[in-house]
Amino acid sequence: MSANIVALLYLLSGVLFILALRGLSNPASSRRGNRFGMIGMAIAIATTLAVAAPSSATSWLMIAGGIAIGGGIGAFTARRISMTQMPELVAAFHSLVGLAAVFVAAAAVNAPQAFGIGTVGHVHGASLIEMSLGVAIGAITFTGSIIAFAKLSGRMSGAPIILPARHFINAALFILLVILIYWFFLSGGAQGLFWAITATALIFGILIIIPIGGADMPVVISMLNSYSGWAAAGIGFTLGNIALIITGALVGSSGAILSYIMCKGMNRSFISVIAGGFGGATAGAAGGAGDGQQKPVKLGSAEDAAYMMQNASKVIIVPGYGMAVAQAQHALREMADALKAAGVEVKYAIHPVAGRMPGHMNVLLAEANVPYD
């Protein structure tokens, strides 16, 4: 396949990715946006395989096996996951993107001649900068996303974990990372320094996420999404892959913009969230379990709740994460229908980050046939 055709196909996939992001910005066009994204990714993968064109049947079998295993796990997970688990699933996916960037960079530094970025034991200068930045951001994304996943899924406490002198430790690790990248550049691609950069970045990723409370995790997920994009873009420059550069830049920039929008919606500054320790802990146990008191519980149906409110002229419903966990959106719609039948005007007031992710609560209500409008 000629270089011009390859560039054209990668450009086409990039355009489809842009159309996918545009489509996902509106509920009415989100399904079409997803299709554009899938078609663009299929074109990018097929083009990359055509360029690589493995000569042996074993290589093709390994590639096909990897696609089948990865696609099978993805399809199985997507069908089983509930809407309330979506934030932690996104965090888990981001960790894999970061790990993939580390693996690709490791392969490139081990055999630069195979990637056209140097000779045996030596990598070209420009590629060293791109590679070191890509592997550092990828490693930070990997461990940071694992911590975010553990916090969101309840596998570790959602409360901020505050270490003594954490800001000093993080600053020291950041300076060490910069020094290691500089030495790596001077060395021409020493593998020992490469793995030192990777190890430092892995530790740094853990330490910058554990002080952040569960209430701020939505912003962290969006931030890690941005990191994964920049890691992919860095590796794309190393490999000279246009599709990776375009995709990484789109993910990185859109994740950064989304983080800003979410911080604004949560009335927080982006710097305070990233600095850690400013976020709140996860909500306390329900039903007063924390103080040991047994409190009465009043049960009622959607019709009972509607009867209590039918004398109002207007009712505004503010759904929270408890509704999402309890899967109560269907009962809520039944109550709203009963109120509307009694002549009551019903509206919804939804916080931008309600349900832990932007648009999360809107999707849950749509499952119960509540119109997006």
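Is Ala92 buried, partly exposed or exposed? Ala92 counts as partly exposed, because its relative accessibility is 22% and the partly exposed class lies between buried, under 20% relative accessible area, and exposed, over 50% (1.4 Å probe, protein chains only). The structure is a predicted model, in which local features need pLDDT of at least 70 and side-chain atom pairs count only at pLDDT 80 or more, while totals for chains, interfaces and linings use all residues. Residues are numbered from 1 along each chain as its sequence is written, and side-chain values use heavy atoms, with hydrogens and water left out.

**Overall architecture**

- The chain holds 15 helices and four strands; these are DSSP runs (helices H or I, at least four residues; strands E, at least two), numbered from the N terminus.
- Along the principal axes, the C-alpha atoms of the chain fill a box of roughly 80 × 50 × 35 Å.
- Of the 373 residues in the chain, 38% count as buried.
- The chain exposes about 19900 Å², of which carbon and sulfur atoms supply 67%; accessible areas come from the Shrake-Rupley method with a 1.4 Å probe, and for residues only the protein chains shown count as cover.
- Among contacts (heavy atoms within 4.5 Å) between residues at least 6 apart in sequence, 72% join residues at least 24 apart.

**Confidence**

- The average pLDDT of the chain is 83, and 92% of the residues score at least 70; pLDDT is the predictor's confidence in each residue, from 0 to 100.
- Confidence is highest in helix α8 (residues 191-209), with a mean of 92, and lowest in helix α11 (residues 270-275), with a mean of 68.
- The pLDDT is below 50 over residues 277-290, a stretch that has 23 contacts in the model beyond near neighbours in sequence.
- Where pLDDT is low, the predicted coordinates should not be read in detail.

- Ala92 is located in helix α4 (residues 86-110).
- Ala92 and Ile146 are separated by 54 residues in sequence, yet their C-alpha atoms are 6.5 Å apart in space.
- Ser127 has its place in helix α6 and counts as buried, because its relative accessibility is 9%.
- Leaving aside residues up to four places away in sequence, Ser127 touches Ile117 and Thr238.
- Helix α8 has 19 residues and spans 28 Å from its first C-alpha to its last, close to the 27 Å expected at 1.5 Å a residue; the expected span is 1.5 Å times one less than the number of residues.
- The buried residues of α8 include Leu193, Phe194, Ile197, Phe204, Leu207, Ile208 and Ile209, and Thr198, Thr200, Ala201 and Gly205 are also among them.

**Nonpolar surface patch**

- A nonpolar patch on the surface is formed by Ile129, Leu133, Phe174, Ile175, Val178, Ile179, Tyr182, Trp183, Phe185 and Leu186, which together have about 980 Å² of accessible area.
- Patches are made of residues with over 30% relative accessible area and no salt bridge; like charges are joined within 9 Å and nonpolar side chains (Val, Leu, Ile, Met, Phe, Trp, Tyr) within 5 Å.
- The elements giving two or more residues to this patch are α6 (125-152) and α7 (166-187).
- Helix α7 supplies the largest share, eight residues.
- Val178 lies in helix α7 and, at 44% relative accessibility, counts as partly exposed.

**Salt bridges**

- The count comes to two salt bridges, each defined as a side-chain nitrogen of Lys or Arg within 4 Å of a carboxyl oxygen of Asp or Glu.
- Side chains of opposite charge can pair when their charged atoms come close.
- Arg333 and Asp337 both lie in helix α14 (residues 329-341), four residues apart, about one turn of the helix.
- Arg333 is partly exposed at a relative accessible area of 24%, and Asp337 is partly exposed at 35%.
- Another salt bridge joins the side chains of Glu345 and Lys347, at 3.5 Å, N to O.
- Glu345 counts as partly exposed at 36% relative accessibility, as does Lys347 at 39%.

**Positive phi angles**

- Most residues other than glycine have a negative phi.
- Gln327, in the loop between α13 (321-326) and α14, has a positive phi near 55° and is partly exposed, with a relative accessible area of 38%.
- Asn369, in the segment after α15 (360-367), has a positive phi near 65° and counts as exposed at 63% relative accessibility.
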